[in-house]
Amino acid sequence: MPEPEVHPLITAISPLIERLDAELVGPEEARDDDVPLLWEGEPLVAVRLPAGRLAVKAPEGGVSSLLAEVADELGGPLHALSRGQKQQAVLMLEARGAFEYRKSAEIVAEALGVTRFTVYNYLNRARD
């Protein structure tokens, strides 16, 4: 009996799945914490990450979640933004209260790929 043909998406992601020590499960076996992969709008397979490697969401309202929101709104990773976009990101974060948290300037600076001094400069320019 011939071996069933493997879907091209599964062939393409197999090295990644192996590297992550994850497993592929059928859509009917998927649990809430599995990552479904769709092909042409239909569930093809789900990725089950190993127990210790599940993504942990930032606490509601924390600096990390604010950084993620701003990155989504600006369309990419914060460190890859232009200087003007980074200034805009700092202003968006300030408007959302990000700088009320302890060590937030350091966290924001690291996410943007700039120094803490630069973050303060962006804030001061906006306030003047």
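**Entry 1**

I started with aspartate 21, which I found in the loop between helix 1 (8-19) and strand 1 (23-25). I kept in mind that the model I was reading is a predicted one. Aspartate 21 has a positive phi of about 60°, although it is not a glycine. I noted this down because most residues other than glycine have a negative phi.

Where does glutamate 40 sit? I located glutamate 40 in the loop between strand 2 (35-39) and strand 3 (42-48). Glutamate 40, too, is not a glycine and yet has a positive phi, here of about 55°. With a relative accessibility of 74%, glutamate 40 counts as exposed.

**Entry 2: the overall plan**

I next went through the secondary structure and listed five helices and three strands in the protein. Reading along the sequence, I wrote the pattern down as α-β-β-β-α-α-α-α. How does the radius of gyration of the protein stand against the globule rule? I found a radius of gyration of 20 Å, well over the 14 Å that the rule gives for 128 residues, so the protein is more spread out than a compact globule. I also looked up the box that the C-alpha atoms fill, which is roughly 75 × 25 × 25 Å when taken along the principal axes.

For burial, I noted that 29% of the 128 residues count as buried. The accessible surface comes to about 9100 Å², and 53% of that surface belongs to carbon and sulfur atoms. Turning to contacts between residues at least 6 apart in sequence, I found that 45% of them join residues at least 24 apart.

**Entry 3: helix 4 against helix 5**

I then turned to the helix pairs, since two packed helices are described by the angle between their axes and the distance between the axes. Helix 4 covers residues 104-112 and helix 5 covers residues 116-127; their axes come within 8 Å and cross at roughly 100°. Helix 4 and helix 5 are therefore roughly perpendicular to each other. On the helix 4 side I listed Ala105, Glu106, Val108, Ala109 and Leu112, which meet Arg116, Val119 and Tyr120 in helix 5. Sorted by class, this contact has six nonpolar residues, no polar ones and two charged ones.

**Entry 4: helix 3 against helix 5**

At what angle do the axes of helix 3 and helix 5 cross? For helix 3 (residues 83-95) and helix 5, I found a crossing at roughly 75°, with the axes coming within 10 Å. That makes helix 3 roughly perpendicular to helix 5. Helix 3 contributes Arg83, Lys86, Gln87, Val90, Leu91 and Glu94 to the contact, while helix 5 contributes Val119, Tyr122, Leu123, Arg125, Ala126 and Arg127. The residues of this contact divide into six nonpolar, one polar and five charged.

**Entry 5: a closer look at tyrosine 122**

I ended with tyrosine 122, which has its place in helix 5. Is tyrosine 122 buried or exposed? Its relative accessible area is 7%, and because buried means under 20%, tyrosine 122 counts as buried. Leaving aside residues up to four places away in sequence, I found that tyrosine 122 touches Arg83, Lys86, Gln87, Val90 and Leu91. Lastly, I checked tyrosine 122 against proline 27: the two are 95 residues apart in sequence and 47 Å apart in space, C-alpha to C-alpha.

Note on methods. Residues are numbered from 1 along each chain as its sequence is written. This is a predicted model: local features need pLDDT of at least 70, side-chain atom pairs count only at pLDDT 80 or more; totals for chains, interfaces and linings use all residues. Side-chain values use heavy atoms; hydrogens and water are left out. Axes are lines fitted to C-alpha atoms, for helices over the stretch in contact, and angles run from 0 to 180 degrees between N-to-C directions. Helices (H or I, at least four residues) and strands (E, at least two) are DSSP runs, numbered from the N terminus. Angles under 35 degrees count as roughly parallel, over 145 as roughly antiparallel, 65 to 115 as roughly perpendicular and the rest as oblique. Contact means heavy atoms within 4.5 Å. Ala, Val, Leu, Ile, Met, Phe, Trp, Tyr, Cys and Pro count as nonpolar, Asp, Glu, Lys and Arg as charged, and the others, Gly among them, as polar. The radius of gyration is taken over C-alpha atoms; the globule rule is 2.2 Å times the number of residues to the power 0.38. Buried means under 20% relative accessible area, exposed over 50%, partly exposed in between (1.4 Å probe, protein chains only). Accessible areas come from the Shrake-Rupley method with a 1.4 Å probe; for residues, only the protein chains shown count as cover.
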